[in-house]
Amino acid sequence: MENTLKVPTMAEFMAQGKKPEVLFWVGCAGSFDDRAKKITKAFVKLLNKAGVEFAVLGTEESCTGDPAKRAGNEFLFQMQATTNIEVMNAYEVKKIVTACPHCFNTIANEYPELGGNYEVMHHTQFLKSLLNEGRLKVEGGKFKGKKITFHDPCYLGRANGEYEAPRDLLKKLEVELVEMKRCKTKGLCCGAGGAQMFKEAEPGTKEINIERTEEAIDTGAKIIAAGCPFCNTMMTDGVKNEEKEGEVIVMDVAEMIASAQDL
């Protein structure tokens, strides 16, 4: 089959006495959520296209512990984190790429004090580095000239200061990038962070994701570009709430590059 995705595991690499260039940390959303699985597949297609030797942990990967920690369960977080660190250190992992800013932030900033020291990249940063090295071409294709707005994920933007990588990739797609009035350092959360994703609404007049989606729709953009599976879900729900499914779609930056290339 031509369209079979090649996704080797760390165990397979180790059995051959080899090490991959990078470990792709899939994350819970990217593994189990039907919408986020599409982002995972798009990113894998791009890695294969660029000839990157990568591997996943497969069944050895567990939740990073981000939702547990944000919800206040430090004990559970440390259990999950130390298990993951033991697995990765056994494989002598050096470099990690993930499509989830929550996993990115947790592994990069909270694993070191538990003995997990790795170079961690968000998938937009990694794709940009592949572009700079000439291993990946990013062209407009079907998105050329389309009006697009980018929603900054909190854990990529404000928490880790990365605003440019996703925007640089979108510019390479030759889109018309329009910013929301709250963006970059003043960006507004989609409402899912801090384990709020799994919590019932609190008293109030409007959900955060509705507020944020309205800001995105007000730009006149036909595509809301995201860089986080949680943001993707929240903004998609917002679009449905506004009954704009026929006009506005939410896509991950990786999905846009993969579909511009018809991968």
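Helix α3 (residues 34-49) gives the most to the lining of the second largest cavity, with 3 residues. Helices (H or I, at least four residues) and strands (E, at least two) are DSSP runs, numbered from the N terminus. The model is predicted, so local features need pLDDT of at least 70 and side-chain atom pairs count only at pLDDT 80 or more, while totals for chains, interfaces and linings use all residues. Residues are numbered from 1 along each chain as its sequence is written, and side-chain values use heavy atoms, with hydrogens and water left out.

**Spaces inside**

On a 1 Å grid over the protein atoms alone, a cavity is a set of points where a 1.4 Å probe fits but cannot get out, and a pocket is an open set with protein on both sides within 12 Å along at least five of seven lines; lining residues have an atom within 4 Å of a point. Grid points are joined across faces, edges and corners, and a volume is the space filled by probe spheres set on the points.

| Space | Volume |
|---|---|
| Largest pocket | about 360 Å³ |
| Second largest pocket | about 220 Å³ |
| Largest cavity | about 80 Å³ |
| Second largest cavity | about 50 Å³ |

The second largest cavity is lined by Val26, Gly30, Ala36, Ile39, Thr40, Ala99, Cys100 and Pro229. Around the largest cavity, the lining residues include Pro101, His102, Cys228 and Phe230, and α6 and α10 each supply at least two residues there. Phe230 also lies among the residues nearest the centre of the second largest pocket, together with Cys28, Ala29, Pro67 and Phe198.

**Strands and their partners**

Two strands pair if DSSP finds at least two bridges between them. Strands β3 (residues 95-98) and β4 (residues 119-122) run parallel and are joined by 4 bridges. Between them the chain passes through helix α6 (residues 101-109), and this β-α-β crossover is right-handed (with the strands pointing away from the viewer, the path from the first strand over the helix to the second runs clockwise).

Elsewhere, 4 strands form an open sheet with parallel pairing, in the order β6-β5-β7-β8. Because β6 (176-177) and β8 (249-252) stand at the edges with a single partner strand each, one side of each is left without a neighbour in the sheet. Helix α8 (residues 164-172) packs on this sheet, touching β5, β6 and β7 (223-226), where contact means heavy atoms within 4.5 Å.

Methods. Axes fitted to C-alpha atoms, helices over the stretch in contact; angles between N-to-C directions.
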